[in-house]
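These are my notebook entries on a structure that is new to me. I wrote them down in the order in which I looked things up.

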Amino acid sequence: MKLHLYPHSLVFSFLLLLLRPTMSSHQHDYSDALSKSILFFEGQRSGYLPNDQRMTWRRNSGLSDGWTHNTDLTGGYYDAGDNVKFNFPMAFTTTMLAWSVIEFGELMPSSELRNSLVALRWSSNYLLKSVSQLPNRIFVQVGDPIADHNCWERPEDMDTPRTAYVVNAPNPASEVAGETTAALSAASIAFRSSDPGYSQTLLQNAVKTFQFADMYRGAYTVPCLWCCQKGICLKPPKYFGIFRPHFYLFIEIIRPQYFVLRFFCLKIFFYTYFCLKPPYTLARHCAYSSNDDIKNDVCPFYCDFNGFQDELLWGAAWLRKATGDERYLNYIESNREPFGASDNVDEFGWDNKVGGLNVLVSKEVIQGNMYNLEAYKASAESFMCSLVPESSGPHVEYTPAGLLYKPGGSQLQHATTISFLLLVYAQYLSRSSLSLNCGTLTIPPDHLRRLAKKQVRPVVCVGLILSFLMIG
């Protein structure tokens, strides 16, 4: 299997930007690190490359994407070391890139702000193509990942199947559609001043995409247990960690359309609900779909282990931010508990959006006095306090070098995305002259910034070491 570099690590580039004025330049050139982080996106480009392409060793690729459906699906970004375009994580990348520009673009050098907006437009253009046939269908992926991962070749030379994966209504795709909603909404805000016409196009398509996500609720990868066709769906605990894929694999083996196993399925339900009730939750909106041709080529690469409900709230929250529409305010207020967002969550990434959701919505309370959303702010503060070692209560783990640690792979994803949230929340507090209250401790915004700053050196050092190990 090819190495996944996860392009959404660009969040870290904006972390570097914010810290650059306070860092010693003789240790590392953080300005150069920022530039290279944004340049990385040009290396991941798919489609027809522009004349101002800075990575001149790259050429046009993936020009036939979408032809099997008579649709133009060129453009977008390849996922990592492979030539697949996974819309779910790509949309998250787009959301985070836009959020970075929204919150911190004014601090960026004008040239890098331009490069960031160019990178944002490249992915948002592709996402617009993927939702161009709504309300009837949404494209969720391009490229056969199994064939692609078995063949190491540059995209200009690839001869593996460029399968276009599509979800047709009424089959669900709430997680990828919800994240695409967030991406298009956030991008519309980022382009509002520089290109208002494009911003409006993005927002109009975000509204249509959310309607699809919410109308046909369910996961396009179907990572849940549908017990005896009665709508009972079990979601494993958030601390299942690296064992969650094994849980879902087991569920796939005993899927209850096999009649002889229905009793066994029901037995599992009663056991998990009555004997293991504290760590399990019932997903109240779970639907079985016929996306069988999709899920086996999405999992195990980007299985949505956390469920689709967080993406619905995440998309609605960004639509609320982009439009100010009261409908979306009511949606995130009324669905917080039914969708499981009331659980204390100490992570944020392409799969689990709750940590970022709480921080994003908390701005409405901190700066807009929307006290009906106080529960989101309380969860955001609980998350922030868990990152402060001096505070009481549960804490996240740190390595001896001070890097945020989460069980499982892709450690730098957690360090970069959570550091980004630290900086965003610190900014929200600063603009309102507030501090974070962690029990008896009062934590000023600068303390949160220092916590984020501590993540820079371990990440940069890891990057320097890996740069000597990478070949080709």
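I began with Lys-85, and I found that Lys-85 stands opposite Val-142 in β2. The model I am reading is a predicted one, and I keep that in mind throughout. Strands β1 and β2 run antiparallel and are joined by two bridges.

Next I put the strands together. They make an open sheet of three strands in the order β1-β2-β3, with antiparallel pairing. The edge strands are β1 (85–86) and β3, each of which pairs on one side only. I then asked myself how many of the five residues of strand β3 (residues 164–168) are buried. I counted four of the five, so β3 is largely enclosed by the rest of the structure.

My next entry concerns cysteines. I searched the whole structure for disulfides and noted one. Cys-385 and Cys-438 form this disulfide, with their sulfur atoms 2.0 Å apart. Cys-385 lies in helix α14 and Cys-438 in strand β9 (residues 436–438), so the pair ties together parts that are 53 residues apart in sequence. The torsion about the S-S bond of Cys-385 and Cys-438 is about -90 degrees, so I recorded the disulfide as left-handed. Both Cys-385 and Cys-438 are buried, whereas I noted Cys-151 as partly exposed, with a relative accessible area of 24%.

I then turned to helix α12 (residues 326–334), in which I found Tyr-328, Leu-329, Tyr-331 and Ile-332 to be buried. These residues cover an arc of only 160 degrees around the axis, which puts them on the same side of α12. When I looked for what covers the buried residues of α12, I listed α7 (196–215), α11 (309–323), α13 (354–366) and α14 (374–386) among the elements.

Last, I looked up the largest nonpolar core, which has 109 residues, and in which Trp-99, Tyr-425 and Leu-448 have the most contacts. The largest share of this core, 11 residues, comes from helix α15 (residues 411–431). Which residues does Trp-99 touch, not counting those up to four places away in sequence? My list for Trp-99 reads Trp-314, Trp-318, Phe-348, Gly-356, Val-359, Leu-360, Phe-420, Leu-421, Val-424 and Tyr-428.

Notes: Residues numbered from 1 in each chain as written. Predicted model: local features only at pLDDT ≥ 70, side-chain atom pairs only at ≥ 80, totals over all residues. Heavy atoms only, no water. Core = buried A, V, L, I, M, F, W, Y, C linked by side-chain atoms within 4.5 Å. Buried < 20%, exposed > 50% of the residue type's maximum accessible area, 1.4 Å probe, protein only. Contact = heavy atoms within 4.5 Å. Arc of directions from axis to C-beta. Disulfide = S-S within 2.5 Å. Pairing = 2+ DSSP bridges.
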